[in-house]
Amino acid sequence: MPTLRGRQFFQNPGPTNIPDRVLRAMDRASIDFMGAEFRSLARECAAGLKRIFRTRQSLMVYASTGHGAWESALVNLFSPGDKVLVLETGYFSINWARAAESLGLKPETLAGDWRAGVDPAAVEARLKEDRAHEIKGVLLVHNETSTGVANRCAEIRQAIDRAKHPALYLVDVISSLACIDFRHDEWQVDVAVAGSQKGLMLPVGMSFTAISKKALKACETARLPRVYWDWRRYLTDGEQTSWPGTAPVHLFFGLKEALAMLEEEGLDQVFARHHRLAGAVRASVRAWRRNDGPEIMATDPRVESDSTTSVLLPDGHDAERVRQIALERFNVSLGGGLDRLKGHVFRIGHMGDLNEPMILGALGVVELSLGVAGVPHGKGGVEAAIEHLAQ
Ligand code: PLP
């Protein structure tokens, strides 16, 4: 492998680039996680996070990955044998369903088109059929990071309401929070599950659940076993006052800085920046599509994700090879295809701490790598991105 110089352009859909400000904020000595200084830091972070989730209800912070927050949502809300409706969107929805099954729940998968995202009318129809209200929860991955499809979370809420169904609404916002509009309270989400390493620009290791009052009530009667994840142990009057074990103090130092950065920019501006940069990526892929080249996996413009673009290669071409060339020859790291998409797609992450030169640099290398790999494509992807950004 050649020796690579310069900065690696890191375009994975998580973890994402950690801003220097966040790294510097964590570069300090530890403090007592039971002391007043830490308690004040944790309170400040919880308040900031609630503004990002757009909630005034409860919030739990864990030392864990997103998988832990998935589990926390399930064990706190349900009892053995409960049925949950999993809206199939791709790899992450399937894995959340698998976790539910392993915990003793009965997940029912509502089959979906991985490229078009969840159809709210299909959710409404299925829930209307469930007259006995056997379905206790509806599970949605807001932004399916494996396909680059951003599901219509608010419209799915309306579908649940039209069906007059009391199921809890659980939403994975792991790759949408602080990238794409999400409104926990307004959309009446019961539990939103997030992680630190995407739009929040932190290292891996912290996860979050935003919890509605309805979910807190369900937590009281849920019968799945839980220890580490048990909200009741850590929430006092709906506010988190303790942690399962040692609190991840340094991640809190980083979180405080990341929240300050997001608030300085303004959440709506953060979404607008993601939309602008995602538009540049899409403009490139559309240019490459000419000459029977690669295409955007999302087929419905309403669900094109502003945090991740999955690029589907023409048959007979290996996406892993393109990814390997980009990484090993040109020092640009892209995401790979997951599960059944392996080899068929590569993913360009465009979330978190990112600007125009970073995205243009990465797109230039993707175009270069397509050429080196011998994948047919239209030329001028980077020019199309420049045009988009110039508008
Ligand atoms: N859900 C989504 C949408 C994700 O993108 C990921 C990770 O990329 C996960 C869940 C799993 O999160 P973690 O890897 O932090 O456990």
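**A walk around one predicted model**

Hi everyone, let's start with Pro 15, which sits in the loop between β1 and α1. Helices (H or I, at least four residues) and strands (E, at least two) are DSSP runs, numbered from the N terminus. What I'm showing is a predicted model, where local features need pLDDT of at least 70, side-chain atom pairs count only at pLDDT 80 or more, and totals for chains, interfaces and linings use all residues. Residues are numbered from 1 along each chain as its sequence is written, and side-chain values use heavy atoms, with hydrogens and water left out.

Back to the loop. Gly 14 and Pro 15 are joined by a cis peptide bond, with omega at about -5 degrees. Most peptide bonds are trans, and most residues other than glycine have a negative phi.

Next comes Thr 16, in the loop between β1 (9-11) and α1 (20-26). Is Thr 16 buried or exposed? Its relative accessible area is 6%, so Thr 16 is buried; buried means under 20%, exposed over 50%, and partly exposed in between (1.4 Å probe, protein chains only). Leaving aside residues up to four places away in sequence, Thr 16 touches Phe 10, Gln 197, Lys 198, Met 201 and Met 351, where contact means heavy atoms within 4.5 Å.

One of those partners, Met 201, lies in the loop between β9 (191-195) and β10 (206-211). Met 201 has a positive phi of about 65 degrees although it is not a glycine. Met 201 is also buried, because its relative accessible area is 3%. Asn 291, too, is not a glycine and has a positive phi of about 65 degrees, but Asn 291 counts as exposed because its relative accessible area is 54%.

Now for the inside. The largest nonpolar core has 57 residues, and Phe 53, Phe 182 and Phe 252 have the most contacts inside it. A nonpolar core is a set of buried Ala, Val, Leu, Ile, Met, Phe, Trp, Tyr and Cys residues joined through side-chain atoms within 4.5 Å. Helix α9 (residues 249-265) gives the most to this core, with 9 residues. Apart from this core lies another, of 32 residues, among them Met 60 and Ile 174. In soluble globular proteins, nonpolar side chains tend to be buried together.

Let's finish with Thr 309, in strand β14 (residues 308-312). Thr 309 counts as buried because its relative accessibility is 2%. Which side chain makes a polar contact with the side chain of Thr 309? That of His 350, at 2.7 Å. A polar contact is a pair of N or O atoms within 3.5 Å; within protein, one must be able to donate a hydrogen and the other to accept it, and residues adjacent in sequence count only if both atoms are side-chain atoms.
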